[in-house]
Amino acid sequence: MKERMRYERRHSRWYEALLLGWPFQLIVGALVVMGLPAWERWGWGFWEYFPQVRSNTVLACGLAFVGILWTLRRMHRFPGARVSAFIAPTVSVAYLLVVAVLFFTREEYTRQVLFGSYLMSLGWFYLAFFLGRRYRRMKLAVVPAGRVAELEPTPDIELRSLDKPDLAGVRYDGVVADLHADELTPEWERFLARCTLHHIPVYHVRQIQESMTGRVRIEHLTENEYGSLLPSLSYQGAKRFIDLVAALLLLPILAPLMLATAVAIRLDSPGPALFIQQRMGFRGVPFRVYKFRSMYIDQRGSGFTEGDDDPRITRVGRFIRKCRLDELPQLFNVIRGEMSFIGPRPESMELSEWYERDVAFFSYRHVVRPGISGWAQVEQGYAAEVDGMTTKLQYDFYYIKHFSLWLDILIAFKTLKTIVTGDGAR
């Protein structure tokens with residue numbers, strides 16, 4: 001019994017697993033989010049009389065709640081995902097989607113109940129976040145050997161170095177060790193085995209390092225792992241369909257803004273409104289990218305932006321770069337299938353050829369479609385192309401390795417934040 005208590009995983013007791021588990025959040029949350037607004041509008045016992053208008057409304061509230069819960073839990077797995085910042089947009093998008101479905105299918109529903117459910121969802125998820133914040137921060141024990149010294153704690157992960165191969169009665173979410181370290185003695189190896197036997201996860205330092213930084217280091221791409229990073233073909237197909245539909249819907253909405261931007265560019269400086277450049281695309285096939293011109297055409301310089309004070313940038317160009325309006329013509333690239341909304345940023349042919357010579361595995365980033373925005377852009381920002389290219393590539397590899405709808409949603413929310421605040425724009 002003493003041995004079992006000394007090696008007990010954090011949050012493993014039955015009442016902790018119950019209160020912190022998703023079934024409790026799903027069942028109790030659904031009762032609050034669906035039940036309270038329905039009871040307030042239709043009175044107690046509303047379920048005894050359930051015409052289609054009520055069933056449509058309750059079903060819409062339930063689907064929105066499940067989608068929000070699932071999305072937030074999946075996004076929380078990625079580094080840098082401050083869930084509190086994405087609760088309001090996630091809830092709003094979910095309810096807008098169910099309202100859109102009800103509107104286009106001409107199904108009846110009660111607006112008061114749906115709006116009340118929306119407000120209850122906001123309250124429920126914010127309350128759950130702030131009450132459970134201290135429990136969501138992972139507590140990891142660190143075996144002091146090898147490359148673990150490179151790890152640094154983050155707001156989401158607490159690291160505690162062990163002095164000896166014993167947890168000393170402290171409950172942890174897992175143990176981190178450099179499993180390839182020469183300093184890993186047989187005593188430490190037996191300790192890791194005991195942790196595994198007591199269902200305490202043992203993580204290799206590389207796995208934790210990637211989850212903390214959001215990057216896959218190039219030196220970690222061994223031959224076997226390099227071949228295992230192929231993105232999901234099924235999601236690639238679904239993503240292409242989503243990109244096409246979204247671009248076709250956005251094009252007529254954004255057309256007035258694009259026209260106004262083009263006029264402002266022409267009035268601000270001589271030259272065409274569009275900038276067209278050959279760039280390396282999907283599977284290494286070159287394509288022409290369309291952007292609004294943000295530089296003077298009569299000034300020469302490097303083939304990349306030299307920081308925020310580049311004298312070649314026009315007055316209007318500085319504004320449209322800050323707000324990302326210069327990227328709007330790439331909607332046509334998305335429609336043509338040359339780009340996606342989310343993906344690694346396409347580089348010019350000159351830079352791509354340079355990087356392929358000097359940076360290992362650079363061409364692998366072309367395994368997915370390039371994007372208007374991407375993981376490297378929202379995490380690192382738009383630095384000059386030459387500076388920090390290796391770091392950008394590490395972010396691109398992380399995106400490819402975790403290629404999924406949930407990561408794309410997180411990037412979309414972070415991109416929207418950048419557009420609104422201007423933070424991270426180049």
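Student: How many residue pairs are in polar contact across the interface of domain 1 and domain 3?
Tutor: Zero, counting pairs where both residues are at pLDDT 80 or more. A polar contact is a pair of N or O atoms within 3.5 Å, where within protein one must be able to donate a hydrogen and the other to accept it, and residues adjacent in sequence count only if both atoms are side-chain atoms. This is a predicted model, so local features need pLDDT of at least 70 and side-chain atom pairs 80 or more, while totals for chains, interfaces and linings use all residues. Residues are numbered from 1 along each chain as its sequence is written, and side-chain values use heavy atoms, with hydrogens and water left out.

Student: Why is Glu210 called buried?
Tutor: Buried means under 20% relative accessible area, exposed over 50%, partly exposed in between (1.4 Å probe, protein chains only). Glu210 has 5%, so buried it is.

Student: And what about Lys401?
Tutor: Lys401 has 33%, so it counts as partly exposed.

Student: Why is Arg315 called exposed?
Tutor: Its relative accessible area is 66%, so it passes the cut-off. Arg315 also meets Asp268 in a salt bridge, 3.3 Å from N to O.

Conventions. Salt bridge = Lys/Arg side-chain N within 4 Å of Asp/Glu carboxyl O.
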